[in-house]
Amino acid sequence: MREESQLRIAVAELQRFTESIFLAAGLKGVHAGLVADSLVMSDLRGTHSHGIVRVPFLIDRLVKGGANADPQIKVVREASATALLDGDRALGAVTATHAMRMAMEKAHTVGIGFVAVNNSDFIGACAHYALMAMPENMIGIAWTNGYPGMTPWGGSVNTIGNNPIAFAAPGLTQGPVVLDMALSVAAGGKVRLAAKNNRRIPTDWIIDRHGKSTDNPADLAAGGALLPLGYKGYGLAVFGEILCGVLTGSRILSEIPAWFVDTQRDIGNGHIHMAIDISKFIEPDAFKRRVDEMAMMLKKTPLLADMQEILLPGERAWRVQKEQQITGIRISGAVWSDLLELAERLDVSAPATLQ
């Protein structure tokens with residue numbers, strides 16, 4: 001398979017363009033900005049599987065009624081450190097941002113905030129919401145359940161979500177330490193992006209509809225399934241289902257439709273957001289210095305013969321983010337073509353590319 005060409009778009013221009021597309025599809029101004037920000041930030045950090053490649057699917061959800069373009073998010077239950085929100089079928093980035101902000105407000109008051117959401121939608125990259133805690137000198141956590149696209153450990157068909165989770169903690173010169181991971185070997189978005197860009201994938205990422213290993217990413221959409229990140233990844237996915245689905249009163253497992261296929265149906269998944277105020281435990285600058293010290297200790301580890309350096313979780317994405325803020329965000333030609341077609345249909349003007 002041949003990989004598509006790439007181009008670069010200035011960050012501010014891509015944000016404006018993406019936001020304009022959602023506005024043209026009927027999303028409120030503030031909500032359009034939140035959704036665009038979640039997608040563009042994913043591309044900025046190099047997580048292109050959760051970036052603007054998702055725009056056509058999300059627009060389809062708005063147009064066909066699977067997601068609510070004018071949601072009224074409500075507090076269902078609340079205590080000093082916790083809350084449960086009804087997302088009113090909003091796009092997931094809207095409810096997730098609302099929940100994370102509320103979790104941080106609670107953490108400022110009582111040291112920790114835990115806000116759960118039901119009646120929601122696909123939220124994109126969990127790291128985006130965990131990272132919201134960085135300017136507040138907090139540790140951020142985000143977790144979601146979703147469409148059952150993964151096999152349980154030992155299974156041959158998809159019956160559980162890969163239920164991604166993210167943790168983020170601030171550092172000084174190290175930058176934020178961010179663990180953002182699906183509980184499958186590879187995120188479903190990475191497989192779909194590989195299919196969009198005509199690339200083969202490793203044979204341990206998915207199985208086809210016959211339960212056989214495959215390097216063809218198109219086999220996922222044709223009835224295949226993601227493979228779990230071992231029995232440990234499967235175990236974490238089960239607890240993701242418990243915390244994000246059962247605890248929040250949301251749909252679980254096969255009750256959740258494929259958000260990218262059944263765009264006319266509400267998803268009804270759940271997610272949780274936590275914020276921990278570092279200052280309630282230790283002075284924030286001391287915490288950050290200690291994170292940097294921990295990083296240096298790890299980086300002094302003797303390397304294997306074929307390795308060049310020890311990286312902290314999220315360090316590669318941090319480097320990509322700093323580079324692309326200057327040079328522009330890399331976008332594949334195939335993804336850009338889809339966006340241009342969508343923009344023309346919605347009468348939205350496209351930005352100029354950097355190269």
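A polar contact is a pair of N or O atoms within 3.5 Å; within protein, one must be able to donate a hydrogen and the other to accept it. In this predicted model, the side chains of N145 and E241 form such a contact at 2.9 Å.

**Overall fold and dimensions**

- The protein chain contains 11 helices and 12 strands.
- Its radius of gyration is 20 Å, close to the 20 Å that the globule rule gives for 355 residues, so the chain is as compact as a globular protein of that length.
- Along the principal axes, the C-alpha atoms of the protein chain fill a box of roughly 55 × 50 × 50 Å.
- Among contacts in the protein chain with a separation of 6 or more, 67% are between residues 24 or more positions apart.

**Surface and charge**

- Buried residues make up 52% of the 355 in the protein chain.
- The protein chain has an accessible surface of about 15900 Å², and carbon and sulfur atoms contribute 56% of that area.
- There are 34 positive and 36 negative side chains in the protein chain, and the centres of the two sets are 3 Å apart.

**N145**

- N145 sits in the loop that runs between β5 (138-144) and β6 (165-169).
- N145 has a relative accessible area of 2%, and because buried means under 20%, N145 counts as buried.
- Besides the 2.9 Å side-chain contact with E241, a polar atom of the N145 side chain lies 2.9 Å from the backbone nitrogen of G270.
- Leaving aside residues up to four places away in sequence, N145 touches N163, G240, E241, C244, G245, R251, I252, I256, N269 and G270.

**D215**

- D215 belongs to the loop between β9 (213-214) and α7 (218-221).
- The relative accessible area of D215 is 31%, which makes D215 partly exposed, whereas N145 is buried.
- When residues up to four places away in sequence are not counted, D215 touches R200, I201 and T203.
- The side chains of D215 and R200 are joined by a polar contact of 3.1 Å.
- D215 and D204 are separated by 11 residues in sequence, and their C-alpha atoms are 8.1 Å apart in space.

Technical notes: Residues numbered from 1 in each chain as written. Predicted model: local features only at pLDDT ≥ 70, side-chain atom pairs only at ≥ 80, totals over all residues. Heavy atoms only, no water. Helix = DSSP H or I, 4+ residues; strand = E, 2+ residues; numbered from the N terminus. Rg over C-alpha atoms; globule rule 2.2 N^0.38 Å. Buried < 20%, exposed > 50% of the residue type's maximum accessible area, 1.4 Å probe, protein only. Contact = heavy atoms within 4.5 Å. Areas by Shrake-Rupley, 256 points an atom, 1.4 Å probe, with all protein chains shown as cover. Lys, Arg positive; Asp, Glu negative; His and termini not counted. Charge placed at Lys NZ, Arg CZ, Asp CG, Glu CD.
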